Amino acid sequence: MKQIVAIYPGSFDPVTNGHLDLIHRGCKLFDRLVVAIARNPEKDASLFTLEERMAMLKAMTADLDNVTVDAFEGLLMTYCIEKNANAVLRGIRAVSDYEFELQMALMNRKIEPRVETVFMMPAEKYSYLSSRIVRDIASFGGPLSGLVPELVEANLRRRFAQKQAATTDIPIK
Ligand code: PNS
């Protein structure tokens, strides 16, 4: 029987409970699910390094037998073919996500018609959650409980404390 291998691509900077909700839903639907972190060396303004993002995702998915975590560079469709994947999983939280996701899905289909994009909705309680909002809240020391796993929260607190220490180290002339 044909195995359905899906790639769940994203920046995951950092992984949120919304991403994890989608991973849990996706791994029930597909035979194998590869969570693939996009590496973009040109515009690397990410808060966490690729290795840090990967470590967090691996820790949070260690109990899921058919889920692996990987990284990719370049076109998603090239990576899908390399991995023998037949599907891409993306989450849609609200109508506002739809336009960009539609554009990406249709462009990916044009590049590689053998790969289907499958959209899933995370639980409603995560519909307003994004990595960008999490970074923003964390940068001001705001509450993160329920938004990210404890490990990610601890890493966010540590990263912003490091940033703060780095800026206060600069002597004012
Ligand atoms: O978490 P994000 O930032 O929404 O993820 C976007 C991502 C990484 C899935 C998208 O930018 C991507 O697929 N990048 C790889 C380059 C590529 O294939 N671009 C063409 C997409 S139509």
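Me: How much of the protein counts as buried?
Reply: Of its 173 residues, 43% count as buried. Buried means under 20% relative accessible area, exposed means over 50%, and partly exposed lies in between, with a 1.4 Å probe and protein chains only.

Me: What should I know about where these values come from?
Reply: This is a predicted model, in which local features need pLDDT of at least 70 and side-chain atom pairs count only at pLDDT 80 or more, while totals for chains, interfaces and linings use all residues. Residues are numbered from 1 along each chain as its sequence is written, and side-chain values use heavy atoms, with hydrogens and water left out.

Me: How many helices and strands are there?
Reply: The protein has six helices and five strands. Helices (H or I, at least four residues) and strands (E, at least two) are DSSP runs, numbered from the N terminus.

Me: And in what order do the elements run?
Reply: From the N terminus on, the order is β-α-β-α-β-α-β-α-β-α-α.

Me: What is the order of the strands in the sheet?
Reply: The five strands form an open sheet in the order 3-2-1-4-5, with parallel pairing. Two strands pair if DSSP finds at least two bridges between them. The edge strands, each pairing on one side only, are strand 3 (67-73) and strand 5 (116-120). From one strand to the next, the twist averages 35 degrees. Axes for such angles are lines fitted to C-alpha atoms, for helices over the stretch in contact, and angles run from 0 to 180 degrees between N-to-C directions.

Me: Over how many bridges do strands 2 and 3 pair?
Reply: Strand 2 (residues 32-39) pairs with strand 3 over seven bridges, in the parallel sense. Alanine 36 stands opposite aspartate 70 in strand 3.

Me: Which strands does helix 4 touch?
Reply: Helix 4 (residues 95-111) packs on the sheet and touches strand 4 (87-91) and strand 5. The direction of helix 4 makes about 170 degrees with that of strand 4. Contact means heavy atoms within 4.5 Å.

Me: Now helix 6. How far apart are its end C-alpha atoms?
Reply: They are 27 Å apart, which agrees with the 27 Å that the 19 residues of helix 6 (residues 150-168) should span at 1.5 Å a residue. The expected span is 1.5 Å times one less than the number of residues.

Me: Which residues of helix 6 are buried?
Reply: They are Val152, Glu153, Asn155, Leu156, Arg159 and Phe160. These residues cover an arc of only 165 degrees around the axis, so they lie on the same side of helix 6. The arc is that of the directions from the helix axis to the C-beta atoms. Glu150 and Thr168, on the other side of helix 6, are exposed.

Me: What covers the buried residues of helix 6?
Reply: The cover includes helix 2 (50-61) and helix 5 (131-139).

Me: A change of topic: where is the cis peptide bond?
Reply: The cis bond joins aspartate 13 and proline 14, with omega about 0 degrees. Proline 14 lies in the loop between strand 1 (5-10) and helix 1 (17-29). Most residues other than glycine have a negative phi, and most peptide bonds are trans.

Me: What is phi of phenylalanine 12, then?
Reply: Phi of phenylalanine 12 is near 50 degrees, a positive value in a residue other than glycine. Phenylalanine 12 is in the loop between strand 1 and helix 1, and counts as buried because its relative accessibility is 3%.

Me: And asparagine 84: buried or exposed?
Reply: Asparagine 84 is exposed, because its relative accessible area is 64%. Asparagine 84 lies in the loop between helix 3 (76-82) and strand 4, and has a positive phi, near 55 degrees.

Me: What about alanine 85, buried or exposed?
Reply: Alanine 85 is buried, with a relative accessible area of 7%. Alanine 85 is also in the loop between helix 3 and strand 4. Leaving aside neighbours within four places in sequence, alanine 85 is in contact with Val5, Ile7, Cys80 and Val115.
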